[in-house]
Amino acid sequence: MSDNEYINKHFPLLATIDSPADLRKLDVKQLPQVCEELRRFIVHFLSSNPGHFASSMGAVEINVALHYVFDTPNDRLVWDVGHQAYAHKILTGRRDLFYENRTMGGLSGFPNPSESEYDTFMAGHASNSISAALGMSIASELTDKQRKIVAIIGDASISGGLAFEGLNNVSSHPNNMLIVLNDNDMSIDENVGALSAYMTKLTTSKRYNNLRYKTYQFLRRHHIITDKGKGLVLRFNNAMKSLLSGQQNIFEGLNIRYFGPFDGHDVVQLVKTFRDVKDMTGPKIVHLHTRKGKGYKPAEEAPSVWHAPGKFNEETGERIVSDTTGKPLKYQDVFGHTLVELAEKNDKVVGITAAMPSGTSVSMLQEVMPARTFDVGISEGHAVTFAGGLAKDGMHPFCAIYSSFLQRAYDNIIHDVAIQHLPVTFCIDRAGLVGEDGVTHHGTYDLAYLRCIPGMTVSAPMDEHYLRHLMYTSQLEGKGAFAIRYPRGGGVYADWKCEMQELPIGKGRKLADGDKLAVLSIGTIGNEVQKALAKLKEKGISVAHYDMIFLKPIDEAILAEVKDKYAHVVTVEDGTIEGGLGSAVSEWLSDKENAPRLTRLGIPDEFVHQGTVAQLKHQCGIDAESIADTICKILNQK
């Protein structure tokens, strides 16, 4: 049975919806069935083609109600974290393509404007929806376009700093935007922080809201107040409400009208609520309580595990986990075990993560030393500055953040750590190509954006042993700001544990001698180089290989050696080709006489989309086959 035949047979109502316009033709009483079919659809297709599961299951009714009430795509839905938007994709003309979600050449796993006019803004990282939606709202006013703007923020993204900056601006600029707060009490792991606790308790009287709105409309109709007095009246009402109820609502304190909390899984009630607030003037927020993984019992019971569960049996809920017996650990787990070892020996060591304790394996330290482990929520900038504060007064923080997320803390790295020469170890997980999460999640820029920071040590281990050596080295006295990048997935050695040793800063190592040309690599991509050179050796081609280990400071002794010995040098990195290892070597050679020719291999100067890591390495020319082919072409040219 083809996918289309399967859809027509098992999802009879969903099969008739090719766009939100088709959805709006249905009676509101049919919407619960649409939601039920959407959930079964997501379960069926994600069981064999994995993706972000629990968040999208929890936001089904929100997706349906918004597209039912608002005139999309003219009205703008701005998603925050695309994890919650699979139903949105299915309802907006991509139902029959959903089987290729997160595959090379297929659908992106996140809303992407280049894919559909219904995807109004990129939504791979958290907390940007309010700012973007405010910009759209004001733009629609300036261009006299009659459209509604809705920001949907969920999975604890409201706790991010950018969300608060947006909220502050929403309250100070005239706009009519709607913010939908999808409050499921979680991000990926359990939420942390005072704001999270506040959100779970926040309530506001619906009766009071209706009374206040009717009073305000009465005063407006009778010209008792004007636009100039609007803010004053809202502040007066908010103050009266706080006095009478004994509660202060953070949103109304910002002069944003608040409604809720409502049951985010009652689609009929959601339609009524969105219709009620749709045409209200001024900014407003609708607070919805949802359950992550809703409608699939295994996901409801373990939402963290089912954030992205991989393949599973849709009937039983049993996850299909490959046998890892005798196989190398993930780099993140080697990091987690090593962090615990270091903390046991050095009482200054602490661990920091930004809402990803399990995703970075900082959770291992959290289990045994909770007082020395800090999950700061979706707040990467704060995580870095907080680490700086700890370091300033004698601690040594290991700050574990995904490469693409660390981009949001760039100023903090420079201003709050590097300038002050503070001893913070940045453990940069998911460096390089990450695969199916695609363009918003590849960690391809860290080598380039860190290399230009004075005093920053920038390193990348080729294997688990060198990850441990670098972590050990970084926490020794006097090392300052120290970055260690490592990839997603498994390592090289089944026996990963080794005696840790101090590495000389800025010194690489020669792995193989050769008489044809030299290859310089940094990080785990060196293993692809090793495979390529093994293929060439079978053909009688001898090529030298150096593992640089450090990008900054770079090993000038190695550079001098290859300059004098080889006519051609190839650099290989799994980071952007602009500004990384190749650029550093080029800069060093630029003022040297009789410099060898240089070929740089890395991520091209373009955004790389989704696919398997193997597919993407081949696409970028940095897998073993491509590296070997490049070397052969160079030698044939000579």
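Rings of Phe, Tyr and Trp (taking its six-membered ring) count as a pair if their centres lie within 6.5 Å, with planes under 30 degrees apart called stacked, over 60 edge-to-face and the rest tilted. With that in hand, look at Y6, F11, F41, F45, Y86 and F98, which form one aromatic cluster. Keep in mind that this is a predicted model, where local features need pLDDT of at least 70, side-chain atom pairs count only at pLDDT 80 or more, and totals for chains, interfaces and linings use all residues. Residues are numbered from 1 along each chain as its sequence is written, and side-chain values use heavy atoms, leaving out hydrogens and water.

The pairing rule gives 18 aromatic pairs. One of them is F53 with Y296, edge-to-face at 5.5 Å centre to centre and 70° between the planes. F53 sits in the loop between helix 3 (31–48) and helix 4 (54–58), and Y296 in the loop between strand 5 (284–289) and helix 14 (297–301), so this pair ties together parts 243 residues apart in sequence. Helices (H or I, at least four residues) and strands (E, at least two) are DSSP runs numbered from the N terminus. Both F53 and Y296 are buried, meaning under 20% relative accessible area with a 1.4 Å probe, protein chains only.

Stay on Y296: its ring centre is 5.7 Å from that of F312, with the planes at 55°, so this pair is tilted. F312 lies in the loop between helix 14 and helix 15 (331–345), 16 residues from Y296. F312 is buried, as is Y296.

Finally, some charges. The charged end of K592 sits over the ring of W588, 4.0 Å from its centre; this requires NZ of Lys or CZ of Arg within 6 Å of the ring centre and within 35 degrees of the ring normal. K278 likewise has its charged end over the ring of F70, 5.7 Å from the centre.

Technical notes
Buried < 20%, exposed > 50% of the residue type's maximum accessible area, 1.4 Å probe, protein only.
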